[in-house]
Amino acid sequence: MANVIVIGAQWGDEGKGKITDLLSRSADVVVRYQGGVNAGHTIVVQGQTFKLHLIPSGILYPKTECIIGCGTVIDPQVLIKELEQLEQLNISTANLLISQTAHVTMPYHRMIDKASEEVRGNHKIGTTGRGIGPTYADKSERTGIRMLDLMDTDGLPEQLERTINYKNTILEKLYNLPPLNPQAVIEEYLGYAERLRPFVVDTSLKIYDAVLRRRNILFEGAQGTLLDLDHGTYPYVTSSNPVAGGACVGSGLGPTMIDRVIGVSKAYTTRVGEGPFPTELNGEIGDLLGDRGAEFGTTTGRKRRCGWFDAVIGRYAVRINGMDCMALTKLDVLDELEEINVCVAYEIDGERCEDFPTSARQFARCRPIYKTVPGWQVSTSHCRTLEELPQKALDYLKFLAELMKVPIAIVSLGASRDQTIIVEDPIHGPKRALLQPNGTPV
């Protein structure tokens, strides 16, 4: 039995969907512990692409129980659409459970999110406009609507009417937007409640019961370490905690019950939205990475900014999350390059820095210090074992493992499930991997 957290070790979009999908084969329960519809996982199975925003990746396995934890914020309209799409593809959603204490994204959250971002002008954060930040803000202000409130047919109308009247004042007076019709919103959300009612339970109790029964539990987050509200590149962050510690809070399980943390990184780095990006490439190579890696956001379709692998933020992710091992994705995207740069440290005001700076102003002044390694310039997409990789690709992996000080357990070489080298199963395998930090096989 193993309880494993999968986290993004960069700015999100690292390919966590594929990794959680792979690991779900060995999991009895998959828990989504934070975020909302501002994030998404893309999974390719037998040539068919699935884009999930709220439902855990394990839903593609009929016997796997999937839980949306209390740390997520749920847009009922989007969730119901996902349910319908899966059911149209004959994928059962009978094993889905939703936390009764998860908060609900309302129409006024979306309106305020878009309006506030527009008001920021040149200082915008780069939100998706899906209402996530305002939903979490209401949660912190203790004025939010939770799933159990949504299920309360008698109490919801009064609660919503009071809240909408208050939000209408903000929409009209602050943002010059038309007010919402309270009765229309109430009727709409009462309809959502009936559709979702069979799924809503005390999920913390279900997760704890799974632990007692010694079932394998996989915890998946959205976004990545550098977008964490407390530990990311604030203010260009999300409104929740994607880091490993967030899994315990967002699922309702104590930290002593976690066995392992696996971090997911690309073989290069990408970022969506605003904020500093030291290794960003704006020329031909950046375009090549974007084209070969199909770097467009799952939720918004926005083009991702591309750059070289950044070992400084990689080491930071190892430290913040307590990572045991790493999954490296999209190695095949680098196949055509003659040379590859890796950021091993920063230069800040003329001084070398090997640790991630907590000051946003300092981070904006960081200049990457690169080590150049040779590329392999042959296709790796067909490789299924380490032995099949070209030596220079293997050397690159060993170099990254050495920089990160953690072993590499999984190497992904394409979007499909089978385009993967599983060096070690992080759920069933021992706490070691073939690609050790010293760069030598065990």
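Asp-13 is found in the loop that runs between strand E1 (3-8) and helix H1 (16-23). The model described here is predicted, and an unreviewed UniProt entry places the annotation "active site" on Asp-13 together with His-41 and Lys-139. The protein chain is divided into domain 1, made of 3-87 + 202-422, and domain 2, which spans 103-198.

**The surroundings of Asp-13**

- When its neighbours within four places in sequence are left aside, Asp-13 is in contact with Lys-266, Thr-270, Val-272 and Arg-304.
- The "active site" annotation that covers Asp-13, His-41 and Lys-139 comes from the UniProt record, whose entry is unreviewed.

**The sheet**

- Strands of a sheet pair through backbone hydrogen bonds, and the pairing may be either parallel or antiparallel.
- Strand E2 (residues 29-32) pairs with strand E5 (residues 65-68) in the parallel sense over four bridges, and within this pairing Val-30 stands opposite Cys-66 of E5.
- E5 also pairs in the parallel sense with strand E7 (residues 96-99), here over three bridges, and the bridge partner of Ile-67 in E7 is Leu-97.
- In a regular strand the side chains alternate between the two faces of the sheet.

- The C-alpha centres of domain 1 (3-87 + 202-422) and domain 2 (103-198) lie 30 Å apart.
- Across the interface, 28 residues of domain 1 are in contact with 22 residues of domain 2.
- The area buried between domain 1 and domain 2 is about 2,000 Å², and carbon and sulfur atoms give 60% of that area.
- Two salt bridges are counted between domain 1 and domain 2.
- Asp-75 forms a salt bridge with Arg-110, in which the closest N and O atoms are 2.8 Å apart.

Note on methods: Residues numbered from 1 in each chain as written. Predicted model: local features only at pLDDT ≥ 70, side-chain atom pairs only at ≥ 80, totals over all residues. Heavy atoms only, no water. Pairing = 2+ DSSP bridges. Helix = DSSP H or I, 4+ residues; strand = E, 2+ residues; numbered from the N terminus. UniProt positions renumbered as here; feature names shortened; annotations may be inferred. Contact = heavy atoms within 4.5 Å. Domains from an automatic or database assignment. Buried area = accessible area lost by both parts, 1.4 Å probe. Salt bridge = Lys/Arg side-chain N within 4 Å of Asp/Glu carboxyl O.
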